[in-house]
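Take a moment with the sequence and the 3D view below. We will walk through the chain one part at a time.

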Amino acid sequence: MIGDIRETKECQLKDPMDLFHSGQVVKICAPMVRYSKLAFRTLVRKYSCDLCYTPMIVAADFVRSAKARDSEFTTNKGDHPLIVQFAAKEAQVLCDAARIVCPFADGIDLNCGCPQRWAISEGYGACLINKPELVKDMVRHVRSQIDNPKFSVSIKIRIHEDLKRTVDLCQKAEAAGVSWITVHGRSIEERHQPVHYDAIKIIKQSMSIPIVANGDIKTLKDAENVHHLTEADGIMVARGLLANPAMFAGYEETPFECIQDWVDIALEHGTPFTCFHHHLMYMMERITSKQEKKVFNVLSSTSAVLDYLNDHYGV
């Protein structure tokens, strides 16, 4: 990481808010555990993705351990604008983490939406939507301690059953200086239920800062529909981009040139085999037969994968 970071110091950091002021809907790659790392961010940026997030990083571990910093955060001079997402529950710890990444990233995001049991039991993620004063305090602390006025501070939330509570949380965060808010339109308990796009629209109408819509967006058409339904300023996509990293460029399914790009980028970055293979399994889900999947999904080495792609697809 250190070599990559030194290289980044020479690059021009960007103001993510410029994207929201461009008049265009901002196309965003979501924070995804294991998946939204540097190599994948490099790929989606080639295909019209405007803004990328890192996977969620536990701020306390990041601040305490150089080993955690080296394994969790890698970037380079082309990786911008970049938002580093943290799980945190103490204002000063979040500030310390923000200070470490500030020279190399364009903003941080506080995770207030992760519904996983481990996160909630540790006081992270979606349980923070029930602690609006704490969220407000964390945003205000980062705002006051980071000197760079272009460095963004955002939050990603889920919604309450009682939407008034969500609007109150968002207004408190706005008063503390939050740059924008990403709303996943489900409650903590909801997993595969339909997304409440109407709730995102109500939140958007209650705020004067940008709002990003998130949840079940799998195609560019979906993104356009959700923008129309919610009036959101940005659209954040997770699994839709895993299945088709070229989605924002208008491709209905992953084109072969994108698969070729992934192979080139992953090999260049030294991407571990499991990650390299899993991304290909997602990308090829819609374009391979059941029989092909049976063979491809059990390949166990980079060379076997490369031979398969070459033999079957000329990649």
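**A walk through the model**

The buried residues of helix α10 are Y197, A199, I200, I203 and K204. They cover an arc of only 155° around the axis, so they sit on the same side of α10. This is a predicted model: local features need pLDDT of at least 70, side-chain atom pairs count only at pLDDT 80 or more, and totals for chains, interfaces and linings use all residues. Residues are numbered from 1 along each chain as its sequence is written, and side-chain values use heavy atoms, with hydrogens and water left out.

Some terms need cut-offs. Buried means under 20% relative accessible area, exposed means over 50%, and partly exposed lies in between (1.4 Å probe, protein chains only). Helices (H or I, at least four residues) and strands (E, at least two) are DSSP runs, numbered from the N terminus. The arc is that of the directions from the helix axis to the C-beta atoms.

The face turned away from its buried side carries the exposed residues D198 and Q205. What covers the buried residues of α10? The cover includes α9 (163-176), β7 (181-184), β8 and α11.

Move on to α11, residues 220-230. Its buried residues are A223, V226 and T230. Seen down the axis of α11, these fall within an arc of 65°, so they line one face of the helix. The face turned away from that buried side carries the exposed residues K221 and H228. The buried residues of α11 pack against α10 (197-206), β8 (211-214) and β9 (234-237). After α11 comes E231, whose phi is positive, near 65°.

Step back to a wider stretch. UniProt, in an unreviewed entry, places the feature "domain: DUS-like FMN-binding" at residues 29-292. UniProt positions are given in the numbering used here, feature names are shortened, and annotations may be inferred rather than shown by experiment. Over residues 29-292 the chain is 46% helix and 14% strand. The end C-alpha atoms of that stretch are 29 Å apart.

Which residue does UniProt list for "active site"? The unreviewed entry gives C114. C114 is found in the loop between β5 (107-112) and α7 (117-121). At 10% relative accessibility, C114 counts as buried. Leaving aside its neighbours within four places in sequence, C114 is in contact (heavy atoms within 4.5 Å) with A119, I120, G125 and A126.

Look into strand β5 itself, where I108 lies. I108 has 1% relative accessibility, so I108 counts as buried. Not counting residues up to four places away in sequence, I108 touches a list of residues including I83, V84, F86, L94 and V153. I108 and D79 are 29 residues apart in sequence and 14 Å apart in space, C-alpha to C-alpha.

On a 1 Å grid over the protein atoms alone, a cavity is a set of points where a 1.4 Å probe fits but cannot get out; lining residues have an atom within 4 Å of a point. The count comes to one cavity of 30 Å³ or more. The largest cavity has a volume of about 40 Å³. Its lining is M281, M284, E285, T288, K293, F296 and N297. α14 (273-284) and α15 (290-296) each supply at least two residues of that lining. The lining residues divide into three nonpolar, two polar and two charged.

Definitions and conventions. 1 Å grid on protein atoms, 1.4 Å probe; cavity = no way out; pocket = protein on both sides within 12 Å on 5 of 7 lines; lining within 4 Å. Points joined across faces, edges and corners; volume = space filled by probe spheres on them. Nonpolar A, V, L, I, M, F, W, Y, C, P; charged D, E, K, R; others polar.
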